[in-house]
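Hi,

Here is the structure I promised to pass on to you. Have a look through it first, and then read my notes below.

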Amino acid sequence: MIKRIIIVVLITITTVACGTKKAATGFERSNAKASGVIKNHYDKAVDFNTISGKLRATYQNFDKSQSVNLSFRMEKDKAIWMSASILGFPMAKVYITPEKVSYYEKVGKSYFDGDFSLVSKWLGTPLDFDKLQNLLIGQAIYDLRKDGYTLSESARGFQLLPKKESEVKKMFMLDSKTYKAKAQQLAQEDKNRSVTVTYDDYQTVSGKIFPETITIIANESGESTNITIQYRSIEFDGDVSFPFSIPSGYDEISVK
C-alpha cells in the first residue's frame, strides 16, 4: 500500500498536466502582473523549520481502494519521513533527503536505498527533493521564477501557463486571496501520461496556512490512479527525529 502511494507521488512530481493549452476564461495580463502574482506566491509560502503530524492516505485504482494512516515529519530542505504502523508496530517507512530515497516494508520484506539518479532512471524523468517538498506544502512543483508565464484570471483564481513550449506541458492555478496552489497540472502527451494535483482544502495552524486535503489523479496509458492525502494534527517547529534502519534479510528492489 505505502509503496504504491510512494511510486505514484514520485511519478507525479516528475511529470505531468491534464487538459489542453486552453486558458481559463478571463483575460491575459501583462508580464508585470504575472510576475507580481508569482512573487506573492513565494512571499506567502508557509514559513517553517519542521513539520510533524499524522496523515491519512487513500489509494484507489480501477479495481481496489485502500487507506493507511501515516506518521509524517519534515525538516525544511533537509528530510521527509513517513511511517505506517499497525497497533503501534511499524510496517513500512520512507526517508527522503536531497541526496537519496530510502524505503522498506515488512510484509514483502523488501527495500530500496539509492540516490535520486537511480530513482530518476527508474521513473524515466528527472526527480529531486524540492519538487516533492513543494507538492506537500502547497507550493508550485516547478520554480515559477525561472520561466515566463502568461497570466489569466477567472472565478477560480490566477492561472499561469508557460510562454515557451516544452516536452512537459504545465498549468498552475493559484488562489486569488492567499496565493497558495489550488491546482497543478502536468502532462507528457507523447507518453500518454498526465497528473492533476488539486488542493481541496487548506487549514490554518499556528497562524500558518497549510494544505488539509491533497488529491492526486495520475493517468497513464488510459489507466487512472487516485491518491488522497489528508493532513491531521499538524504541528510546526517542534523537535523531530527520523529513525530509519533497514532490517537485515530484506530483498533490495532493483532499478532497471
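The protein chain has an average pLDDT of 83, and 81% of the residues score at least 70. (pLDDT is the predictor's confidence in each residue, on a scale from 0 to 100.) This is a predicted model, in which local features need a pLDDT of at least 70 and side-chain atom pairs count only at pLDDT 80 or more, while totals for chains, interfaces and linings use all residues. Residues are numbered from 1 along each chain as its sequence is written, and side-chain values use heavy atoms, leaving out hydrogens and water.

Where is confidence lowest, and where is it highest? The lowest mean, 54, belongs to helix α1 (residues 2–12), and the highest, 95, to strand β8 (residues 157–162). Over residues 13–29 the pLDDT is below 50, yet beyond near neighbours in sequence this stretch has 64 contacts in the model. A contact means heavy atoms within 4.5 Å. Where pLDDT is low, the predicted coordinates should not be read in detail.

A note on the names: helices (H or I, at least four residues) and strands (E, at least two) are DSSP runs, numbered from the N terminus.

**Strands side by side**

Start with strand β1 (residues 50–60) and strand β2 (residues 65–75), which pair in the antiparallel sense over 11 bridges. Two strands count as paired if DSSP finds at least two bridges between them. β1 and β2 form a hairpin with four residues between them, and Q60 stands opposite S65 in β2.

β2 also runs antiparallel to strand β3 (residues 79–86), joined to it by six bridges. Here S71 stands opposite S83 in β3. β2 and β3 form a hairpin too, with three residues between them, and D77 in the turn has a positive phi of about 65°.

**Inside the protein**

The largest nonpolar core has 55 residues. Such a core is a set of buried Ala, Val, Leu, Ile, Met, Phe, Trp, Tyr and Cys residues joined through side-chain atoms within 4.5 Å. Buried means under 20% relative accessible area, exposed means over 50%, and partly exposed is in between (1.4 Å probe, protein chains only). In soluble globular proteins, nonpolar side chains tend to be buried together.

Which residues have the most contacts inside this core? They are I51, F72, I80, L136, L160 and Y231. Leaving aside residues up to four places away in sequence, I51 touches F72, R73, M74, I137, F210, I234, E235, F236 and V240.

Now find Q133 in helix α4 (residues 129–137). Q133 counts as buried because its relative accessible area is 4%. Not counting residues up to four places away in sequence, Q133 touches M74, E75, K76, D77 and I80. The C-alpha atoms of I96 and L132 are separated by 9.5 Å, and the two residues are 36 apart along the chain.

**Salt bridges**

How many salt bridges does a search of the whole structure find? It finds four. A salt bridge is a side-chain nitrogen of Lys or Arg within 4 Å of a carboxyl oxygen of Asp or Glu.

- D43 and K39 meet through their side chains at 2.6 Å, N to O. Both lie in helix α2 (residues 31–43), four residues apart, about one turn of the helix. D43 is partly exposed at 49% relative accessibility, whereas K39 is exposed at 52%.
- E75 and K78 meet at 3.8 Å, N to O. E75 is partly exposed, at 26% relative accessibility.
- K100 and D113 have their closest N and O atoms 3.1 Å apart. This pair links distant parts of the chain, with K100 in strand β5 (residues 100–105) and D113 in strand β6 (residues 110–115), 13 residues apart. K100 is partly exposed at 33%, and D113 is partly exposed at 30%.

**Two serines to check**

Most residues other than glycine have a negative phi. S206, although not a glycine, has a positive phi of about 55°. S206 lies in the loop between β11 (193–205) and β12 (208–220), and counts as exposed because its relative accessibility is 65%. S233 is not a glycine either, and has a positive phi of about 45°. S233 is found in strand β13 (residues 223–236) and is exposed, at 55% relative accessibility.

Enjoy exploring!
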